[in-house]
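Here is a walk through one structure, from a pair of helices to a chain-chain interface. Take a look at it first.

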Amino acid sequence: MLNQTPLWKYFAVVIVVGICALYASPNLYGEDHAVQISASSNAVIDGATLDKVSAELKSANIPSKSIVLQNEQILVRVPDSDTQLIARETIEKALGDDYSVAMNLAPDTPKWLESLGGTPMKLGLDLRGGVHFLMEVDMKSALSKSYEDMVGDFKSALREEGIRYRTVKQIDDGVEIYFRDEEKLDKAEFFLKNRNRDFVFSNKSDLVLLVKMSEQKLLETRDYAVKQNITIIRNRVNQLGVAEPTVQKQGPDRIVVQLPGIQDTAKAKEILNATATLEYREVDLEHDVRDAINGRVPAGSELLSYEKGGPQLLKKKVIVKGSSIIDANSGVDQNGMPKVSISLDSKGGAQMLNFTKRAVGKPMAVVFIEYKATDERDENDKLIFEEKRRVISVATINGVFSNKFETTGLDSPREAHDLALLLRAGALIAPIQIIEERTVGPSLGQENINLGMQAIIWGFVAVLVFMLAYYKKFGVVANIALTLNLVMIVGIMSMIPGAALSLPGMAGIVLTVGMAVDANVLIFERIREEIKEGRSPQQAIHHGYDSAFSTILDANITTFLVGLILFAVGTGPIKGFSITLMIGIATSMFTAIVVTRVIVNAWWGGKRLTKLSI
Amino acid sequence: MQLLNMKETVAFMALKKPAAALSILLLIGSLVSLAVNQLNWGLDFTGGTQIEVGYENTANLEEIRKVLEQSDFKDAVVQNFGSSTDVLIRLASRDGVKPAELGDAALKVLKEADDTAEMRGSSYVSSSVGEELTEQGGLAMLVALVCILIYVAMRFEWRFALGSVAALTHDVIITLGLFSVFQLEFDLTVLAAVLAVIGYSLNDTIVVCDRIRENFRKIRKGESEDIINTSLTQTLNRTIITSLTTILVLLALFFLGGATIHGFATALLFGVLIGTYSSIYVASLVALTLGISKEDLMPTEVEKEGADQDAVV
């Protein structure tokens, strides 16, 4: 018998469509205004914090829908946006600087759906409002700094080894060392080669040794400059109180920063551009810390807070500045204890050597200096930044060292990791520059959503009406498929974690709606042809589907290819468009071929027909 | 209901000379315009700063221009965007102000002049990013065309492959020509639309080619030209209906999608029209001119019709 569907196929279709519908359903629920609390590195969020937050809100008479602790974050849902603002201020005041309190829109997805991983589609910045920055790390100056370090390093190494040279010069892409005779050059080359495996040596002439970084080292240096900037930007973004910021590397030397929901972009830029630095300082042992705490701070010293060991009295004179730090990495020492390895440039190394020569056995502290934005502005309308100094590490000097040393005695790998991060954050960084910025105000975002939705709805309705009028009962089948297609696109978009819906993405959906019926048009036209040629209705359906299939496949594969190329080459809006286009092609093939066939078979299959409503 | 009920085969190829003339004319016109007027590149490609400002009441463009002029923002281009209360301002670079901060500075000036001015959006693109994008966009188009050439050559026959790529190139150049002649702004979304036109037009072309191949195998008698005419007639209904539904949704986008999506919808609307025409005339005409014949399309091994399609319902 023609046109019968095996039972398993019914089930398969129902299951596939059902799963997509299930994951599409979170989009039907709205979003709650919420306040999201997360801890910075020196604080934790636990039950006590939760109690504190709820007590604080209660005493301030702020209504809340729910307060939940999840993934080391507290989410407070409030009824409206006014309450949200007040709640944020109240919580921020109560918890202090160690927590970041951000306003957020939390999806109001029911518990059972959330436990299945159901979340609504993420909205792109053009629909949500927010800022997108593309920043470029100035590699030229990052590399130039490295060459500068090489110059200092080679000079001192050659001097120590007693190899005389005329001069060491920095050039655009390396360092040149000039000698008076060839013998010295050979000796120096042999010595330096053994000492620095990351460099490539070559003879420019008989008396000039040319040193360049190896490809590997060059790559590492670039990578390091970008990563360092990312770390710092992440730190600063936390200050901004943005709920779901994105800070990501793009290409070899770029960083994408996306801050949804931010309205004051000028402020965001100023905060991102603020600098942090650090200083190595000597601990003042000649005076009593307790006296200083009581207000008698000796001249030439100052009292600074230290999270781990209480306030510290430090001499004001700086041993080494953060700008001398080249690298800081956490690891483990030979006893398996956490440590941080630090390298300084030659200038810092000399300063450190000078100091440690006379200070073995004494403690040395690291002071971290940050500039935090206050809400005030000066007469030029620039944000006023408040300098915050704190001690992040105190360690006893165990021996004389210069440009390479280790800090041990840390409590945990986590502490080592955090310290290394802070050290890097305070080091001189390769300058960055904003090369692209896009801001979408919240009102425009909402408008874009409304416009996109309207276009989708009207385009959809127009196609539904047309198909119904043109193909009658088969039009109904095509329309069911088209509706399911839309549901499936939304479901899959919600399932893919990285996919965000943007305005061009919505345009992609609209276009898919228009093109998705193509497969059905092809099939139905075939069926009409077959009937005209005198086949029975059942046979016409069978042949119509069969012969249209390879055409549909070819046509869709090529369009999909175009989508794939768009995705690979394009950025931002083009990517958004290509994702919906590709998903739309895949789902429309399924709904237009498989789903309609199942429905057609169920409706007409196996019956004695003399006419088809097509 | 039936749009066209064709009892007779339409002699499409009888019009091959006028069609070829029309295509060549349009192509030359587009290329000349692209060479002379070039494209009105949008901010995405040229780089620069642009802000979108919303007012409570109808925005007075003259007034805004004057205010900006007085505050040293020379050569600012001020125009309405989407509605009479929204204004799009393109700013030229200015000494002493970082390009990334230009927008904020201009907005401040406008706010002082009229406090209902509200920042709705702003963009800054450095010229290096713009240049890269232009390169990437051109590359994307070339890669797309080459991939299609390869796929169609593999799936069909090289004459069809050349025919479809000729049709696609034809569509892309003429769509670009339209943007050049009317100096419509060519931004990133328009580029996406042009690439989507490639996808759409190809879809159309493949359907036609597929039918031509099928008929070459099925109809044992007749000239190549007749077979192509038969195939085009058979697929004409489908071509028109699909174009119609696509145009319906594009009209919805064009009228309801807002100013941001306007260029996108324009490019696609025009592209779909030209793509429909090219799939009838350009692709098959090129294949015919290259001498496509029955022998080229005979399957290498005899396969039963639909034998490879058991997997599908």
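Start in chain B, where helix α9 (residues 262-280) packs with helix α10 (residues 282-289) at an angle of about 25 degrees, their axes 3 Å apart. Axes are lines fitted to C-alpha atoms over the stretch in contact, and angles run from 0 to 180 degrees between N-to-C directions. Helices are DSSP runs (H or I, at least four residues; strands are E, at least two) numbered from the N terminus. α9(B) and α10(B) are therefore roughly parallel (angles under 35 degrees). Tyr277(B), Ser278(B), Ser279(B) and Ile280(B) of α9(B) meet Val282(B), Ala283(B) and Ser284(B) of α10(B) (heavy atoms within 4.5 Å).

This is a predicted model: local features need pLDDT of at least 70, side-chain atom pairs need 80 or more, and totals for chains, interfaces and linings use all residues. Residues are numbered from 1 along each chain as its sequence is written, chains are lettered from A in the order written, and side-chain values use heavy atoms, without hydrogens or water.

Now the interface. Chain A gives 71 residues to the contact and chain B gives 73. The area buried between them is about 6400 Å², with 61% from carbon and sulfur atoms (accessible area, 1.4 Å probe, lost on being put together, summed over both). Phe466(A), Tyr470(A) and Asp554(A) supply 9% of the area that chain A buries against chain B, more than any other three residues.

Seven salt bridges link chain A and chain B (Lys or Arg side-chain nitrogen within 4 Å of an Asp or Glu carboxyl oxygen). One joins Glu214(B) and Arg526(A) at 2.7 Å, N to O.

Conventions: Parallel < 35°, antiparallel > 145°, perpendicular 65-115°, else oblique. Buried area = accessible area lost by both parts, 1.4 Å probe.
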